[in-house]
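Hi,

Here is the structure I said I'd pass on.

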Amino acid sequence: MRKRGGPEVFRITGARQGLADDVRGRQRRYVISMSVRTLSVIAAAVLWNVERHVAVVALVLGVLLPYIAVVIANAGRETAPSLPSTFLPAPVRPALGAAEDGAEPGAERP
């Protein structure tokens, strides 16, 4: 049988991702962004004399991507989900009624 009025109960479905998993995910996104940047700079160097317009676009991407990657990597943790609630309040027990007519508790009634 479950105790009533025990400690607070938390739902695990509303918990945020662990810190190690969050850092690992941000590192993965940063490495992918920097890989795309490296490929775009290489493409710009290879295509400079062949397709100048594509090379310029790749070069601009290679210049802007480090800033974007750092901003995304340092964006912080995700927000906690709003639903379902992560906290379930303990059930409230009704209080005993007050004694009528100013009589003391436990006194007999006529």
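Below is what I found, starting with how to read the values.

This is a predicted model, so to speak of local features I needed pLDDT of at least 70, and side-chain atom pairs count only at pLDDT 80 or more, while totals for chains, interfaces and linings use all residues. Residues are numbered from 1 along each chain as its sequence is written, and side-chain values use heavy atoms, with hydrogens and water left out.

**Salt bridges**

I count two salt bridges, taking one to be a side-chain nitrogen of Lys or Arg within 4 Å of a carboxyl oxygen of Asp or Glu. In one, aspartate 21 pairs with arginine 24, with 2.8 Å between the closest N and O atoms. These two sit three residues apart in helix H1 (residues 19–47), so about one helical turn separates them. (Helices are DSSP runs of H or I, at least four residues, and strands are runs of E, at least two, numbered from the N terminus.) Both partners are partly exposed: aspartate 21 has a relative accessible area of 37%, and arginine 24 has 46%. The cut-offs there are under 20% for buried, over 50% for exposed and partly exposed in between, using a 1.4 Å probe and protein chains only.

In the other bridge, the side chains of arginine 26 and aspartate 22 meet at 3.0 Å, N to O. This pair also lies in helix H1, four residues apart, about one turn of the helix. Here both partners are buried, arginine 26 at 17% relative accessibility and aspartate 22 at 5%.

**Elsewhere in H1**

Serine 33 is in helix H1 too and is buried at 17%. Leaving aside residues up to four places away in sequence, serine 33 touches Leu65 and Ala69, where contact means heavy atoms within 4.5 Å. Valine 23, another H1 residue, is partly exposed at 34%.

**A nonpolar patch**

There is a nonpolar surface patch of about 910 Å² accessible area together, with members including Trp48, Val60 and Ile72. Patches take residues with over 30% relative accessible area and no salt bridge, joining like charges within 9 Å and nonpolar side chains (Val, Leu, Ile, Met, Phe, Trp, Tyr) within 5 Å. Areas come from the Shrake-Rupley method with a 1.4 Å probe, and for residues only the protein chains shown count as cover. Valine 60 belongs to helix H2 (residues 52–73) and is partly exposed at 44%.

Cheers
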